[in-house]
Amino acid sequence: MSNRTSDISALIKEQIKKYSGEVVEENAVGTVISVGDGIATVYGLKGAMLSELLEFPNDIYGMVMNLNVDNVGVVLLGSDRLIKEGDLVKETGKVVEVPVGDGMLGRVISPLGQPLDNLGPIEYSKTRPIERIAPGVMTRKSVNTPMETGIKAIDSMIPIGRGQRELIIGDRQTGKTSIAIDTIINQKGKNVKCVYVAIGQKNSSVASLTNKLKEKGCLDYCVIVNASASEPAPQQYIAPFAGMAIAEEWMEQGQDVLIVFDDLSKHAVAYRTLSLLLRRAPGREAYPGDIFYLHSRLLERACKLNAKYGGGSITALPIIETQAGDISAYIPTNVISITDGQIFLVTDFFASGQRPAVDSGFSVSRVGSAAQYKCMKQVSSSLKIELANYRENLSFSQFGSDLDAETKRILNHGAIVTESLKQKNNSPLAFYEEVIDLFAVKNRYLDDLDLKAVNPFLTALREEIMTSHNDIVEELKEKKIFSKELEAKLSNAIASFKNDKWPSISTTK
């Protein structure tokens with residue numbers, strides 16, 4: 001613990017040396033009144049700022065979180081064992097900052113910018129405060145470019161645009177992180193930088209995720225900010241703000257950034273811990289009254305800037321863990337009301353093999369459809385209705401055996417649609433591959449197939465179109481819209497594949 005504390009102290013000292021703000025008066029010194037549980041109460045610092053760094057004895061630093069009439073409440077960014085009552089505390093005149101820039105790419109760092117990956121020191125020439133005011137309305141632009149996830153169920157029914165904030169919500173072990181990781185993997189070659197913030201996760205999980213990104217060749221455009229479960233609450237509290245500061249540097253350079261907060265439920269718990277120790281009055285579920293403001297000031301910083309300000313964007317994917325699917329709990333409802341839509345994952349769907357376990361009824365994207373490619377809209381416009389009809393008829397069909405022909409047709413097609421939306425982990429698809437799949441489903445080319453044959457058929461069909469009908473793929477890539485001629489071409493290609501090649505392929509599978 002002493003080594004960890006000295007590392008943090010050395011980093012903060014280095015940043016203070018580079019600080020070019022006003023010089024703090026020498027008499028800006030206070031006295032520790034009480035200390036314990038990582039919290040210190042300090043008397044006498046009349047000029048202290050919110051979030052300011054204070055220097056304690058033994059090279060320990062703290063961050064101001066309470067500004068009271070006659071004292072300040074400070075959370076310590078190191079061990080409190082070496083601090084005692086009566087110790088002198090100095091103001092630094094500097095708020096908590098984090099290193100930013102391209103030197104962070106490919107690295108695993110702490111919330112204060114320390115390397116955690118044994119790859120040596122991080123090269124940087126600039127730091128940014130972790131807290132800042134979100135861009136104003138006049139600096140923003142409406143979302144108009146897709147953030148492709150490579151997941152059919154999401155890109156078709158719950159599309160995400162660059163600059164959007166889309167919540168991923170569900171119980172434990174329903175695939176929330178998998179959706180975020182697949183989205184990061186799918187940004188390869190798309191000139192999007194990614195920041196993954198792990199809050200309260202196991203170190204082994206973060207190591208596994210890092211290795212996965214490295215295997216896929218995606219770590220070069222990623223930064224992983226890790227405030228693991230073993231870190232004190234102050235580190236977990238500042239982690240998402242540090243990640244957002246790193247992302248903002250690139251956004252202001254006109255670049256597109258994807259940031260994942262995994263997860264904000266644990267962030268809320270860390271903030272609740274700090275608040276209760278700082279003797280702030282608890283409210284609903286013991287969370288402090290400003291927990292909504294905490295997450296809103298974080299997520300409001302994700303946006304798309306207009307051309308005058310560089311045109312960059314930050315797309316945020318916050319993750320929230322629910323208990324027994326209860327999205328009406330305090331933190332879920334807070335974050336739902338802050339974000340621009342949510343992807344709701346259901347335990348029953350996941351357990352039954354429908355993965356990703358997206359509930360198309362509860363999931364919504366409030367702005368992403370404005371950024372959806374025209375060809376994707378054309379093939380996915382009826383998907384939600386078809387799935388809703390299927391689920392409604394499925395529940396009724398359990399009560400009776402005599403079904404009319406129309407109900408049987410709805411049930412059969414709904415089962416085919418559901419099967420076609422299943423997708424393996426870490427295998428995102430290009431948008432034109434998704435469009436080809438959904439075109440075949442929409443036009444009912446799969447309705448006479450056995451359910452087990454649906455995904456093998458679609459895989460073989462994509463290969464056939466890309467090898468034998470590359471002109472269709474090139475037109476989709478270039479124009480991103482279905483003309484009548486292109487629809488006819490693709491229909492003929494699917495029909496000839498199904499009649500001439502699929503029978504022989506299916507027998508060998």
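The legends below describe close-up views of a predicted model. In this model, local features require pLDDT of at least 70 and side-chain atom pairs count only at pLDDT 80 or more, while totals for chains, interfaces and linings use all residues. Residues are numbered from 1 along each chain as its sequence is written, and side-chain values use heavy atoms, with hydrogens and water left out.

**View A. The largest pocket.** The largest pocket holds about 1,100 Å³ of space. Its lining comprises 43 residues, of which Gly175, Lys176, Thr177, Ser178 and Asn425 are the closest to the centre. (Pocket: an open set of points on a 1 Å grid over the protein atoms alone where a 1.4 Å probe fits, with protein on both sides within 12 Å along at least five of seven lines; lining residues have an atom within 4 Å of a point.)

**View B. Elements that line the largest pocket.** Helix 3 (176-185) supplies six residues, the largest share of the lining. Helix 4 (203-215), strand 14 (313-321) and helix 14 (454-468) are among the elements that each supply at least two. (Helices are DSSP runs of H or I with at least four residues, strands runs of E with at least two, numbered from the N terminus.)

**View C. Helix 15 and its end.** Ile472, Val473, Glu475 and Leu476 of helix 15 (residues 470-479) are buried (under 20% relative accessible area, 1.4 Å probe, protein chains only). These residues lie on the same side of helix 15 because they cover an arc of only 165° around the axis (directions from the helix axis to the C-beta atoms). Just after helix 15, lysine 480 takes a positive phi of about 55°.

Key:
Grid points are joined across faces, edges and corners, and a volume is the space filled by probe spheres set on the points. Buried means under 20% relative accessible area, exposed over 50%, partly exposed in between (1.4 Å probe, protein chains only).
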